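Keep the structure in view while reading.

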Amino acid sequence: MAGIDAIVLGAGIVGTSIALHLAKRGLAVALVDRRAPGEETSYGNAGVIEGNTLLPHPFPAGLRSLLRVATKRATDANYHLAFLPKVAPWLMAYRANSTFERRIAFAEKMRPLFERAVGEHEVLLAESGAERYLRKEGWLKLYRTEAAFTATARERELASEYDLAFRILDVGETQALEPALAPVFQRAVHWPGAASVTDPLAVTRAYASRFAALGGVVLTGDARSLHRNGANWRIDTQEGPVDAREAVISLGPWTPDVLAPLGLDLPLAVKRGYHRHFRPRDNAGLTRPVVDAELGYCIAPMEQGLRLTTGAEFAARDAPPTPVQLDRLLPAAKELAPLGEPVEAAPWMGSRPCFADSRPVIGRAPGQGGLWLAYGHAHWGLTLGPVTGRLIAEMMTGATPFCDPVPYAAQRFMQ
Ligand SMILES: Cc1cc2nc3c(=O)[nH]c(=O)nc-3n(C[C@H](O)[C@H](O)[C@H](O)COP(=O)(O)OP(=O)(O)OC[C@H]3O[C@@H](n4cnc5c(N)ncnc54)[C@H](O)[C@@H]3O)c2cc1C
């Protein structure tokens, strides 16, 4: 296929948003995936566009939390024992990034992306005719104990410094927002600066359709066929080979499969996560995503039902699913929210692609002319897809980037 300016590998929310942003700037773009757009990690998330987020998820603090995880009683984290030696260096680096000072540094470096996240989605949703999937109701974080609520006070202090809106609610005020929640918690915080979508897969599909309407081509191919062809990058697709001067790798948790043969080894790990849909009991529902903070799960109302999503599982990306966290947290989730019968026979599993500093990589691939990287969006790939699309498209077209891209450069791992 001739006349292509850029190849984008991976049609998750990140790659599809990049392809759309490049097409909007007049480039001829081929978006390549082995599946249809949005069917992997970008399908199964909790649908929250976390415009309010400041701090990354910390490594478990204190012996008690650590022991709960170690003895496999925690609902928010699980691990495969045989995998621990492999992921240990990454976990140590993650732990080093969990001091409050480092987490505040994350907030500063990531704020330019998070603060535009909802607005950038709104633009793409509007032009894709997909506004019906957007809910601007914020999200709720519930605390079962005063101690857990108090333990997160610094996050709210920081939010006030950043002028981010939030409202502390008692049980009655929370139930006024979500009458179906049982009073098994003491406090809640409503964050109105977040938004959510009722069908993340439909959103990525809508962005892909908009991309195609602008002349972009969606092709089927294996990203591992990427190789140099003279001054170009070449990818083999079912529609034949495609050449372009520039290529973007946005393969989420699969990005290392393509980078390793190029000699690029950036320290990515995955936090696997599960979801399952439940029919609402007695026709009671939720109007926004709700997080049970101490237990580390989210219940998000979706078109398919109430989607219960889990925290992190440390295991090899391709190891068979072990959805024990869902079993552990289900009694508490059913006590809190009107979860009826499960919709599917088995839970869904996906892998959040994560760097130990919780920041994504967005920018040039070191030492590979014409190659760009956009991956590692961890817990926030849905949130940050469109804003990543804007940033990398601005960099690739020589425009002034809307923010300093240095905090997201791959080079930070090479010093
Ligand atoms: C349980 C759970 C809940 C979450 N909740 C939220 C949330 O509420 N809000 C939020 O912002 N984020 C959330 N996330 C994170 C978010 O889902 C991810 O960060 C995001 O989906 C990553 O998008 P991506 O485009 O980078 O990757 P993906 O969506 O995984 O896209 C990568 C694409 O690459 C393709 N691919 C892989 N290998 C090849 C190959 N060899 N050849 C061709 N194509 C290939 C895949 O088919 C796929 O389409 C959650 C994640 C999980 C697991």
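Helix H4 gives the most to the lining of the second largest pocket, with four residues. This is a predicted model, and H4 covers residues 84-96 in it. Helix H10 (255-259) and strand S15 (268-280) also supply at least two residues each to that lining. The pocket has a volume of about 490 Å³. It is lined by 22 residues, and those closest to its centre are Phe83, Lys86, Pro256, Leu268 and Ala269. By class, the lining has 17 nonpolar and five charged residues, with no polar ones.

Now turn to the ligand. Around the ligand there are 29 residues, of which Asp33, Thr41, Ser42, Ala223 and Thr383 come nearest. Which helix gives the most to this shell? Helix H12 does, with three residues. H12 spans residues 381-396, and helix H1 (13-24) and helix H2 (41-44) likewise each supply at least two residues of the shell. The classes here are 12 nonpolar, 11 polar and six charged residues.

Aspartate 33 places a polar side-chain atom 2.6 Å from an oxygen atom of the ligand. Valine 14 has a polar backbone atom 3.1 Å from a ligand oxygen atom. At valine 48, a backbone N or O atom lies 2.8 Å from a nitrogen atom of the ligand. How much of the ligand's exposed area does the protein bury? Taken alone, the ligand exposes 1,000 Å², and the protein buries 98% of that.

How values were computed:
Residues numbered from 1 in each chain as written. Predicted model: local features only at pLDDT ≥ 70, side-chain atom pairs only at ≥ 80, totals over all residues. Heavy atoms only, no water. Near = heavy atom within 4 Å. Polar contact = N/O pair within 3.5 Å; in protein donor to acceptor, adjacent residues only side chain to side chain. Areas by Shrake-Rupley, 256 points an atom, 1.4 Å probe, with all protein chains shown as cover. Nonpolar A, V, L, I, M, F, W, Y, C, P; charged D, E, K, R; others polar. 1 Å grid on protein atoms, 1.4 Å probe; cavity = no way out; pocket = protein on both sides within 12 Å on 5 of 7 lines; lining within 4 Å. Points joined across faces, edges and corners; volume = space filled by probe spheres on them.
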